[in-house]
Every structure is written in C-alpha cells, then in structure tokens.
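Let us walk through this structure step by step.

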Amino acid sequence: MADVTLQNVSKSFGATKAVDAIDMDIPDGSFTVLLGPTGVGKTTTLRLISGLEHPDAGDIHIAGRSVISETPAQRNVAMVFQQYSLYPHMTVRENLAFPLRSPILRTPEDEITRKVTEVAEVLRIPHKLDNKATALSGGEMQRVSIGRALVRNPEIFLMDEPLSSLDAKLRAELRVELKRIQESLGATLLYVTHDQIEAMTMATKIGVLDEGRLVQMGTPREIYENPVSLYVASRLGQPRINTLPADAFPGAPNGANTIGLRPEHIRQGEGQSARVDRVEHLGDQTRLHLRLNDHEIVSLTDTHTDLEPGDTIAIQPQNALYFDATGARIT
Amino acid sequence: MAEIRIQNLRKEFGDFTAVQSSSFKIEDGEFFMLLGPSGCGKTTTLRMIAGLELPTSGEIFIDGDEVGQKPARERDIAFVFQMFALYPHMNVRRNISYPLVSQGMPRAQVRQKVAEVARILGIEDILDRPVSGLSGGDRQRVALGRAIVREPKCFLMDEPLGALDAEFREHMSEELRKLHDRMGATTVYVTHDQLEAMQMGDKIVVMNHGVIEQFGTPLDIYDKPASMFVADFIGSPSMNFLKFHGAVAEGATGVELHHQTLTLPTQHEAFEGDLVYGVRPEHIRLSDDAPYRAEVLATEYLGTTQIVTLDTQNGQVKARVPSDQPARTGETVGLSFNGAMVTLFDNQTGRALKSDLNAGVLHG
C-alpha cells in the first residue's frame, strides 16, 4: 500500500472542466471518500489516478513516484466498479484467482491458492468458492468483485460507488464490512460516492467536490460540524440543513447573508414563533415541519411529541452557522 | 373523495395465492401506504382496487358501493405508475388535458383546469414544452398532473418515485405529501421503501407473502410491531433481536438473559421456550456500570448520532447513541435497555407477546 498525491490536476472534456486544479493527499492506509452529486468530477478523478484518463495538467504521485507517463497496469491500482462484472462461466475461486494468473504477474499456483483462501476468509465467502458466479446473490457477487481487487495487493484501491446497486439492508451490512476489511488490511482506499451516509460512516477523510474543484477535505466530523461553505454544509445531515435569510433571527454577525440551521441548532422554548405544518413520525426520530413567516424549516423533536399541525412553538438558533452572500462560512 | 373498504379480499394466479383474505379500511382523505418486499402482494392489492385485476373472492367498497367485479373505468380512480407513461409526441399541456378532452369537456373549461393543475404542481412555465426534453422530476409532475386534472375519487400510486435518484426522491415525496394535504384526496400508495412509508403515510399496511402482518399508524407499527417480520422490515438499522431460551409469567416485568435481569413492559401472557428480546437501536444506552456487557465491533458516525455495532452473549446488536459519546472498537462496555419500549417475540412463530406496551394495537 502507498500514499497517493495529486498536484494541480486538471482535465477537461471539450468545454466542460471535469476536474479543476485539484490538490489532494491520500495518506497510506487511509479511507478517503470523494463526495458530491452526479457530474461533479468524482469518477473522472478516480480514472485519472488509475490511468484510464490522462490529465491536461498537473502531476500524480503514487508511493512518491510520478505515474503520469505510466500505463494503468504499471500503476498497480485496483478498481471496483458499481456494476460487478464477474466471469459468469467461472466459479468464485476462478474469478478470484483470475487477476493473479495474468501473464505479467506469473504467480505460482500454491501462492494463488493461499491468496484466494485468505481473501475468501476476509470476505466471509469460503463456503461459496466452488459455486458458479451466477449462482450468487447480488451482495455476494459484489463481495467477489471486491475480492478480485483484494487478491492483487495493489498500491491503492479505487472504488466507484460499489454499493449503489444493492438494496438498503445489504448496503448497510457491506458498509461495515468494507470498513472492517480496509482497517484489517491497512489498505489505502479512495472511494467515490454521492451517498452521504456511506461517506460519513466509512471515511477517515472526506473530500467534498463542487464543479470539479475540491472545496473541503477533512474528517467526517470536521465536514459536518465545520463546513467552509453553504454548499459543503448541504452535503451532510438528514434532515438537511435549513437555510434562511440571516435577518430571520436577531443577532446575525456582520456580513451574514444566510443562516444555516441544522436540527440540533434549533432550540425550542423562546424566540420567534413558528407554526407546525406537519409532524413526521419516523420511529427513531420525529421531524417537525415548521413555518416561520414565509420560510419552511425542518427540525427534530421528542419521538413521542404531543405537537400537532396548527400548533405554534417558539424557536431560536443555537450555535448556528452563518454564511456570506457568496456562500462562504463566516462564523 | 372516497372511503375504501377491503373485505376478505383474495387473489389467486393458478396455484399461487398472491393475496390471502385481506381486510382493512382506508378513511376518506387518508394517505395510505401498502408496504412490503417485492412479491408480497401489495401491487396486486392496488390493482384490484383499481379494477385492473379482478379478485378471486372478497369485496371492495368505494364509498359504500361494492365495485369488486366492476371494470376500472366505472370506479372513478386515477392510477400513477412507477414508469410515467406520457404521450411523447404531445407537449405538456396536451398530455395533461388529454383525459378531459377525451371526456368531451368544453375547451374553455379544459384550459382553466389545466392552468389550475399546472399552478398546483409548479409547472406553468413548461406547459408548451414537448415532454421529450423534460427532466425525470418534471415528467413525473406531468404524469401527476394528468391524474389530478380528472379530480377522481382517489389516487392509486404504484411506486411513483421508484425510478428517481435518492436526493430528488426525498424532494418529490415531500412535494407529493404537500399536494395531498392541499387536495385532501384519498391516496393509496404502494412502496417497498419503509422510510418513504413512515414519512408520507397516515396509515400503513405491512404485507408479507400475501398476508397482512400489521395495519396501523407509522408510529404504532414502529413502536409496537406485531411480528418479527414487521420489526425487522421497519426501521434502519432494524430492531435488534436478542435470542434466548427461557420463560415469562403473566404480569412479569423482567426476563433473565445471560444471568442478567432485563426489564420489560408488564407482560399479558405467559410463555416458555425460544424467546426474542426485541429492542430498537435508540433504546440501547452505553453505560459503564450496566452489568450486561458487550464488545464494540464498529462505530458509524452519522452527524448528530452514531451507530455502534456490539457483540453480546445473545448475538450482534446495534445501538444508536449521541455522536459525542466515546465508543472505541475493541472496548468492552455495559448496555442498558429502555425496558418500557421492548417487545418479546415467540421465536418459532415470530409473533409478538402481548404486554402493556402493545395490548392496544394487537388484535386477535
């Protein structure tokens, strides 16, 4: 495993700047997640590191050496895609062994057996090794395709939304599992997703992308509690952060244009009066849809609240986030 | 608007029973969810209400009239499908006005109606655009417009948001719910997404293998599940099941698990055998002095809260605790349970045992 650095890397497709002067450091053994909506440059960044795309400008280092002029094979990276592509006519064992049988690697047969057994243990599929790939469930197939990356011992794992085609329950299971595997192997992993839950629960560092630029990099907690901009603040948190004009409440700092209120920033009891539009019982949490003058606010309240639509409550901000007219954070 | 009553409704396809003798009632103006995994019979139930399938036996009453064997066009309902089928060669206005024009409504009236619907859906500015160039969300709005414009007695929706991506789906589900609150039309909505059902529904029917597992308000179903299937299907992460062999007496307020007494709501029935102590993640607290011990396997940060996966003597459990509470992988901690919100299940049948907590919502 190795650390990977990007220096001032840019890539355009025609008039579209897909990746715009990105500087990024992926330390050895880290689980770095690139987060952003569709079309923001996440996958292009991954493809630039793997060598599937060539940058227009900038440099990429893997383990200290510039890889700009190397082929994908020479870079020794392993990619896992959203759509698992296994060889359907092969067994799980043959699928896992396939990358090791590459003529470049010329791995001895007993070494292959050892590796495949080891990876099958890590993925908890040793009893499935002799099944045909097509006889597996969706979750098992994705595990095998992750396993095919694991057997190779690459410098870095590059994963492009590998869980997004799975159902919610399975996704939750594999999130925990992938994190466990990464930690136990000490692997360096770059993971691309638009799913904030995946980013928050697995990442050691999250990089937030906006129109090809890396706008903030930090631990999930830093990104959530200390976003540099309104854009970053809106990436994390469910229900998502409420945004109101800064003068909706007294006490906004100078230059503030927008106040950002996460549910935990809203204190009930005193302040401005807001009408309850709707009470949403989600079981583990209860959401209040409030109307303050013309603004809609979603907040959280006691699970078994007596509040009903039409009620009025008083609310005020507490440790709220303030942003200027450009969306940059001021306090 | 309409009240819909389903009585002993049953549907067989050859040897396969898709829906087994279902009964429930949808009140006038309710947003009603049919929830379950694929193949549970929810879509078949909806299609029988619509008149797209005829029941094998049983009755369907819309506003007191038995319509079970009547064709769809005599039922005055509007159906919105997952894949929004619009007429590709027509513009938005003509797509929405089509149902009215084919009813022979005068032009001026059609214009007025379409304008009103467009205003409700916020699509006034795209009325003269061809539908082929629209985004997924706008197409779904147009499909809704075509359903709304007829002012039917009720709306039937089959996973109308299923084809949209997650962020947009949340936005559309809020929009749909607001639309419903404005119009007050009875809506029956099929989904396999438990969060969508909890978020939008006034009432939920949970189905599995053609059988109704439970019927009630979202919070009742979440807090007082009638079966292990419901407890597992609703909630994310789902309810924890601590399995053990033991006995409870009528009137018991505690049960012994791995030499520790854990509290319960007062039990209304005695039971002995394989039991399950069912507790939601947010009703587990980590506390140093609690005698029931567990090892932290993983933590997942979620902003305000975190999910902690723990290994106990009775299997793995997940706890939802505040994110500022320290929990380190490998550490051994004590667990305390909010006994008042616990459900005991018979592990063999999956049935919830009656207690002070759930006696009000469990029937039969």
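Buried area is the accessible area, found with a 1.4 Å probe, that two parts lose on being put together, summed over both. Keep that in mind as you look at this predicted model. Between chain A and chain B, the buried area is about 2400 Å². Carbon and sulfur atoms give 49% of that area. On the chain A side, 25 residues are in contact with 30 residues of chain B.

What holds charged groups together here? The count between chain A and chain B is three salt bridges. One of them pairs the side chains of R175(A) and E300(B), at 3.3 Å from N to O.

Which parts of chain A supply the touching side? At least two residues each come from α6 (168-185), α7 (196-202), α8 (220-225), β13 (266-281) and β14 (286-292) of chain A. Of these, α8(A) gives the most, with four residues. Sort the side of chain A that touches chain B by class, and you get six nonpolar, seven polar and twelve charged residues.

Now for the cysteines. How many disulfides does a search of the whole structure find? Over all chains, the search finds zero. Take C40(B) and C154(B) to see why. A disulfide needs two cysteine sulfur atoms within 2.5 Å. The sulfur of C40(B) is 19 Å from its closest cysteine sulfur, in C154(B), so the two are too far apart for a bond. Both residues are hidden away from the surface: C40(B) is buried, with a relative accessible area of 1%, and C154(B) is buried at 0%.

Terms used
Residues are numbered from 1 along each chain as its sequence is written. Chains are lettered from A and ligands numbered from 1 in the order in which they are written. This is a predicted model: local features need pLDDT of at least 70, side-chain atom pairs count only at pLDDT 80 or more; totals for chains, interfaces and linings use all residues. Side-chain values use heavy atoms; hydrogens and water are left out. Buried means under 20% relative accessible area, exposed over 50%, partly exposed in between (1.4 Å probe, protein chains only). Contact means heavy atoms within 4.5 Å. A salt bridge is a side-chain nitrogen of Lys or Arg within 4 Å of a carboxyl oxygen of Asp or Glu. Ala, Val, Leu, Ile, Met, Phe, Trp, Tyr, Cys and Pro count as nonpolar, Asp, Glu, Lys and Arg as charged, and the others, Gly among them, as polar.
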